Amino acid sequence: MDVAELSRSRHDEPTSEYYIIYAEIPDVPVRSFLPAEIVEVIPFTNKSVSEIFKLDPASPFARQSTKTVQICNERVHKDGTTVMDGEAAACTTSLESLQTVLQSPLLLGPHNAASLKAVVTDPRLQCCSDFTGKVVEVRLEADEQRRHAICHSLMYPSAVYLCHYVPHGRLYSVTLKPSNADDQQLVQAVGICHMDTRGWHPLHLAFLNLRTTPGHGEACHWLLKGSIAFVNGA
């Protein structure tokens, strides 16, 4: 789907158009969170990647892991803000820290943690192949007035998630009917539209794809493998 189509369909009107979702996602190994008591004694540093987890520094996995350390230690500030104006973020390295972040008002504002709603894209759309389907329904899960946070899985020997709240976003659940006649089961894709791009870098891939510039129109993308969206239900 063109990255602008989600917002053009925000009136929740089904369409007869067929769209392709191409998931060019590298093969990511399955990893679990480490227990909190272990995370507390293992420094979250590049040194740990090579000396504790024993990764070859020249391997792609190690290089991506050191990039994760850099993102979490440099782009996410101690007060929870990031380099992007108005964005709040946190890196979580254990299930306990993820729960703490989702319960705090940092990302989702004041809320009842028990009322949080999680939305994810169907696993059948998270493999490394093309998917062609017809849009059956578009549902607005959250808008600019309803806080929502996106958690992305980052490469590291154990599970690490970067969770962030980006202002001026709209979150959508899109129901799709596969064009393959042998597969009639409906699937759900989750997409987010960034309605204000004025603070984005002029060379951001969204502008190159849309042939536009910061502040001119919204930018939308799918949430695919390794991403979870949480909506403030309060």
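**Exercise 1. Where in the chain does Lys54 lie, between which two helices?**

*Solution.* Step 1. The model is a predicted one, in which local features need pLDDT of at least 70 and side-chain atom pairs count only at pLDDT 80 or more, while totals for chains, interfaces and linings use all residues. Residues are numbered from 1 along each chain as its sequence is written, and side-chain values use heavy atoms, with hydrogens and water left out.

Step 2. Helices (H or I, at least four residues) and strands (E, at least two) are DSSP runs, numbered from the N terminus. Lys54 is found in the loop between helix H3 (46–51) and helix H4 (60–75).

Step 3. Most residues other than glycine have a negative phi. Lys54, although not a glycine, has a positive phi of about 60°. Its relative accessibility is 64%. Buried means under 20% relative accessible area, exposed over 50%, and partly exposed in between (1.4 Å probe, protein chains only). Lys54 therefore counts as exposed.

Step 4. His168 also has a positive phi, near 60°, in a residue other than glycine. His168 lies in the loop between strand S6 (160–165) and S7, and at 41% relative accessibility it counts as partly exposed.

**Exercise 2. Describe the protein as a whole.**

*Solution.* Step 1. Begin with the secondary structure: there are 7 helices and 10 strands.

Step 2. Turn to burial. The protein has 234 residues, of which 42% count as buried.

Step 3. Consider the surface. Its accessible area, from the Shrake-Rupley method with a 1.4 Å probe, where for residues only the protein chains shown count as cover, is about 12800 Å². Carbon and sulfur atoms hold 53% of that surface.

Step 4. Examine the contacts (heavy atoms within 4.5 Å). Among contacts in the protein with a separation of 6 or more, 71% are between residues 24 or more positions apart.

**Exercise 3. Which residue forms a salt bridge with Glu141?**

*Solution.* Step 1. A salt bridge is a side-chain nitrogen of Lys or Arg within 4 Å of a carboxyl oxygen of Asp or Glu. The structure holds 4 of them.

Step 2. The partner of Glu141 is Lys117, with the closest N and O atoms 2.8 Å apart. This pair links distant parts of the chain: Glu141 belongs to strand S4 (residues 130–142) and Lys117 to strand S3 (residues 117–119), 24 residues apart.

Step 3. Compare the burial of the two residues. Glu141 is buried at 8% relative accessible area, whereas Lys117, at 38%, is partly exposed.

Step 4. Look at the other neighbours of Glu141. Its side chain makes a polar contact of 2.6 Å with that of Ser173. A polar contact is a pair of N or O atoms within 3.5 Å; within protein, one must be able to donate a hydrogen and the other to accept it, and residues adjacent in sequence count only if both atoms are side-chain atoms. Leaving aside residues up to four places away in sequence, Glu141 also touches several others, including Val119, Arg146 and Val231.

Step 5. Take a further salt bridge, between Arg170 and Glu144, whose closest N and O atoms are 2.9 Å apart. Arg170 is in strand S7 (residues 169–178) and Glu144 in the loop between S4 and strand S5 (148–154), 26 residues apart. Arg170 is buried, at 19%, and Glu144 is partly exposed, at 27%.

**Exercise 4. How many disulfides does the structure hold, and what is their pattern along the chain?**

*Solution.* Step 1. A disulfide is a covalent bond between the sulfur atoms of two cysteines; here it is counted when the two sulfur atoms are within 2.5 Å. The structure has 3 disulfides.

Step 2. Cys72 and Cys91 are joined with their sulfur atoms 2.1 Å apart. The torsion about the S-S bond is about -85°, so this disulfide is left-handed. Cys72 is in helix H4 and Cys91 in strand S2 (residues 88–92), 19 residues apart.

Step 3. Cys151 and Cys163 form another disulfide, with sulfur atoms 2.1 Å apart. With 110° about the S-S bond, this link is right-handed. Cys151 lies in strand S5 and Cys163 in strand S6.

Step 4. Cys193 is joined to Cys220, with an S to S distance of 2.1 Å. The torsion is about 110°, so this disulfide is right-handed. Both Cys193 and Cys220 are buried.

Step 5. With bonded cysteines counted along the chain, the pattern is 1-2, 3-4, 5-6.
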